[in-house]
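Colleague: Could you take me through this structure step by step? I would like to begin with the overall picture and then turn to details.

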Amino acid sequence: MLMRTLLPTELARGQTVIVYARWLLVLVGLLVAVWNPDSLPQLRIQVGVILLVAIANFVMHAQILRRRPTIQGVAYAASLGDLLVISLLVASQGGFGSNTFVFYFPAVLAIAVTFPTLQAAGLSIIAVCLAFLVGTFGARNAEEVVLRTLAIGAVAVIGNAYWRLHRDRIRPSSSPVKEDAQDIFWGQVATLWARWAVIVGGALLVLSRAVTTSELAVGIMPVVILLVINFYLHGRYLMERPANSLLTLIASALDLTLVAGLFLTWSGPSGLANPSFVLLYPLVFAVGLVFPPRLSWAMTAGGLLLYAVLVLTTSGVGGQGDLKMLVVRLVTLAAMGGLGSMYWRIVRRESRTQLTDEATSPQLAWQPASAS
C-alpha cells in the first residue's frame, strides 16, 4: 500500500531539495574521483556508483519537471540509496580518512525538510549509524567520530523542526514584511538548535583533549559564552518573545566567531585535520532557513571565508590532496546555505500561491454563468 501512495504537497516540495542535493553529490563526487584519483579499482567503483546515481536522479528530476507525482516508497528508497552510496564511497576511500563523509550533511538536510518527522527520524538515524560505522575505520580517536555524527544529527533536528513549524505554526500572509517577521519569530528555533549543537560539540572536544588546566580553561571559554547567550535566547523563544532580526543576526555572526575560537584553541592537529569545522554545517544551514537569501548568502560567504582563512593561516595547503579536501568542504558548506535558502524560497512561493487561490476561489464561486 505504501508503494502506491503518492506524495502529498509537503513531501513533493522537498523532492526538489533532494534532487538538487543529489546533483551536488554527483558533481562533487566526480570531482573527488577524477582530481588526484585513487587506485584504478577504487576509481572504477567510485565512477560507476556516481553514474548510477546520476541516471536515477535524472529520472526523478524529469518527474518533477513534468509535474508528475512521485511514489512515496520510491522517494524513501531513493533517499536510503543516497545514504548507502555515500557510505560506500567513504568506505572505499578508507573510512575515517575519507573526505567524502561531508556528503552526509546535504543528504540529511534534504531528508529532514522532505519527510514527516517519523520517517525523517528513521532515515536520519540510519545516516548517523552509517556515518559512525564507516567513520570508525581508521579513526584517530572516538571523539572526532562522535563529533561528526553529532553534527549530522543536528542538521536533521534543525531541518525537521523548521518543517514542522511551517506545517503547524507559520501561516501564509499577503504581506512580505509579516512573512519576514514570522520567519524570524518562529524560524529562529533553527539557529537555537544549531547553537546547542556547537555547545555540545565544543564541550566534547575541549573536555576530551585538554591536557592541562590552562588549556581547559582557555578552550572552554567560547563554549561558556555561547551557552549563556543561548540560554537567554532560548528562554525568550519559549516565552514567545524571541529575538528580533538584528539580534538573531548578531548572535549568528557570534556563533561563527566562537567556532573560530574553538578552532584556534584546539590542541590537536591543526588546519584541515582540525575536526571542529563540522560545526559550521548546522550553523550555515540554520541561517539559510531563517533569513532572506540576501542575508543568508552573506552569512554563508562569511562562513566559507572564515574556514578558508583559518586553514590557510594555521597550516596552509600542502599539495593537491589538501587543496581537493579544502575545495570539497567549501563546496558542500556552501550547498548547506544554498539548499536552506532554496527551501525558504519554495515555502514562500507556495504560501503566496495558496493565498492567491484562497482569494480567487470565493469570487469564482459567486460568478454567474456567462451566456454562450
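**Overall picture**

Modeller: Of the 372 residues in the protein chain, 50% are buried. Please keep in mind that this is a predicted model.

Colleague: How many helices and strands does the protein chain have?

Modeller: The protein chain has 13 helices and zero strands. Read from the N terminus, the order of elements is therefore written α-α-α-α-α-α-α-α-α-α-α-α-α.

Colleague: And what share of contacts in the protein chain joins residues at least 24 apart, among those between residues at least 6 apart in sequence?

Modeller: That share is 82%.

Colleague: Let us turn to helix packing. At what angle do the axes of α3 and α4 cross?

Modeller: Helix α3 covers residues 72–92 and helix α4 covers residues 104–112; their axes cross at roughly 170 degrees and come within 10 Å. Because angles over 145 degrees count as roughly antiparallel, α3 is roughly antiparallel to α4.

Colleague: Which residues make that contact?

Modeller: From α3, the contact is made by Ser-79, Leu-83, Ile-86, Ser-87 and Val-90, and from α4 by Tyr-104, Ala-107 and Ile-111. Sorted by class, the contact of α3 with α4 has six nonpolar residues, two polar ones and no charged ones.

Colleague: What does Phe-105 touch, not counting residues up to four places away in sequence?

Modeller: Phe-105 touches Arg-148, Ala-151, Ile-152, Val-155, Val-278, Tyr-281 and Met-336.

Colleague: You mentioned α13. Is Thr-332, which is found in that helix, buried or exposed?

Modeller: Thr-332 has 0% relative accessibility, so Thr-332 counts as buried. The helix in which Thr-332 is found, α13, spans residues 320–366.

Colleague: What is Thr-332 in contact with, leaving aside its neighbours within four places in sequence?

Modeller: Thr-332 is in contact with Val-102, Phe-103 and Tyr-281. Tyr-281 is also one of the residues that Phe-105 touches.

Colleague: A change of topic: how many salt bridges does the count come to?

Modeller: The count comes to two salt bridges. One of them joins Arg-22 and Asp-82, with the closest N and O atoms 2.8 Å apart. This pair links distant parts of the chain, since Arg-22 is in helix α1 (residues 9–34) and Asp-82 is in helix α3, 60 residues apart.

Colleague: Why do Arg-22 and Asp-82 count as buried?

Modeller: Buried means under 20% relative accessible area. Arg-22 is therefore buried at 4%, and Asp-82 is buried at 12%.

Colleague: With what does Arg-195 form a salt bridge?

Modeller: The side chain of Arg-195 meets that of Asp-255 in a salt bridge, at 2.7 Å from N to O. Arg-195 lies in helix α8 (residues 189–209) and Asp-255 in helix α10 (residues 245–265), so this pair ties together parts that are 60 residues apart in sequence.

Colleague: Are Arg-195 and Asp-255 buried or exposed?

Modeller: Arg-195 has a relative accessible area of 1% and is buried. Asp-255 is buried as well, with a relative accessible area of 2%.

Notes: Residues numbered from 1 in each chain as written. Predicted model: local features only at pLDDT ≥ 70, side-chain atom pairs only at ≥ 80, totals over all residues. Heavy atoms only, no water. Axes fitted to C-alpha atoms, helices over the stretch in contact; angles between N-to-C directions. Helix = DSSP H or I, 4+ residues; strand = E, 2+ residues; numbered from the N terminus. Parallel < 35°, antiparallel > 145°, perpendicular 65-115°, else oblique. Contact = heavy atoms within 4.5 Å. Nonpolar A, V, L, I, M, F, W, Y, C, P; charged D, E, K, R; others polar. Buried < 20%, exposed > 50% of the residue type's maximum accessible area, 1.4 Å probe, protein only. Salt bridge = Lys/Arg side-chain N within 4 Å of Asp/Glu carboxyl O.
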